[in-house]
Amino acid sequence: MTDQAQGRQGVLAIIPARGGSKGLPRKNVLPLGGLPLIAWTVRAALGAPCVVRTVVSTDDVVAHVLESLGWQGPAVLLQPTSPFRTARDIEAAHTLWRQSGAPGCVSVCAVEESPWLMFGLDSGGALQCLLPEPPVPARPPFPAPRNRGL
C-alpha cells in the first residue's frame, strides 16, 4: 500500500480484539479512562501517519482479512491491551524499523524486578512463581534491557 500523500509505502495496522479473554472476559470493550480499552489502540493507529489502513479483527480472522485485501506490504500488529501507546510511538517504531532494515520490530518495556521474582495467582488463588526455578541457583542479576530510542 502506498501512502500517496507522503510518497512512501504505508503500513497496515492489525488490531486483534478477541472477545473471549480467559483472564478478563470482554476486556477489549471494558472502560478504561472513559473509553473502551480497544478505543485507545484504534485512536493511536488512526493518528499515526505511517498507517494507511487499520483493520480490527476478532479471533482468527486476520489471515482471511489480509488475503481479502490483497495485502502484500508490511503490517503492524497493535495489541489492544497496550492502551497508552500513542500515534507518535507507532510512527517512531515505523521509522526505526525502516531505518534498521530488520525484518520486524517489537516494542518492550523494562521491568522493575527480575522475571524470576514475579508471581501470579494459580487457578485456586494461591501465589505461584511465574517462571520455574532458575536452572543455575546463584545467578547474578539480569542486565537491564537497553532503550533503543522508543
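User: Which residue of β6 is the bridge partner of Ala13?

Analyst: Happy to start there, with a note that this is a predicted model, where local features need pLDDT of at least 70, side-chain atom pairs count only at pLDDT 80 or more, and totals for chains, interfaces and linings use all residues. Residues are numbered from 1 along each chain as its sequence is written, and side-chain values use heavy atoms, leaving out hydrogens and water. Strands here are DSSP runs of E with at least two residues, helices are runs of H or I with at least four, and both are numbered from the N terminus; two strands pair if DSSP finds at least two bridges between them. β3 and β6 pair in the parallel sense over six bridges, and in β6 the partner of Ala13 is Thr54.

User: Which elements do the buried residues of α1 pack against?

Analyst: Helix α1 spans residues 37–47, and its buried residues are Leu37, Ile38, Ala39, Thr41, Ala44 and Ala45. A contact means heavy atoms within 4.5 Å. The buried residues of α1 pack against β3, β4, β5, β6 and α3.

User: Which residues touch the most other members of the largest nonpolar core?

Analyst: A nonpolar core is a set of buried Ala, Val, Leu, Ile, Met, Phe, Trp, Tyr and Cys residues joined through side-chain atoms within 4.5 Å. In this chain the largest core has 13 residues, and those touching the most other members are Ala48, Cys50, Val51, Leu78 and Ile90. β3, α1 and α3 each supply at least two residues of this core. Not counting residues up to four places away in sequence, Ile90 touches Ala44, Ala45, Ala48, Cys50, Val51, Leu78 and Arg85. So that the names asked for come last, here they are again: Ala48, Cys50, Val51, Leu78 and Ile90.

User: Is Pro132 buried or exposed?

Analyst: Pro132 is found in the segment after β9 (127–129). Its C-alpha atom is separated by 7.8 Å from that of Trp116, 16 residues apart along the chain. Because its relative accessibility is 60%, Pro132 counts as exposed.

User: What is the relative accessibility of Ser82?

Analyst: Ser82 is found in the loop between β7 (75–77) and α3. The C-alpha atoms of Ser82 and Ile38, 44 residues apart along the chain, are separated by 8.8 Å. Ser82 counts as partly exposed because its relative accessibility is 33%.

User: How many helices and strands does the chain have?

Analyst: Read along the sequence, the chain follows the pattern β-β-β-β-β-α-β-α-β-α-β-β. The secondary structure comes to three helices and nine strands.

Technical notes:
Buried means under 20% relative accessible area, exposed over 50%, partly exposed in between (1.4 Å probe, protein chains only).
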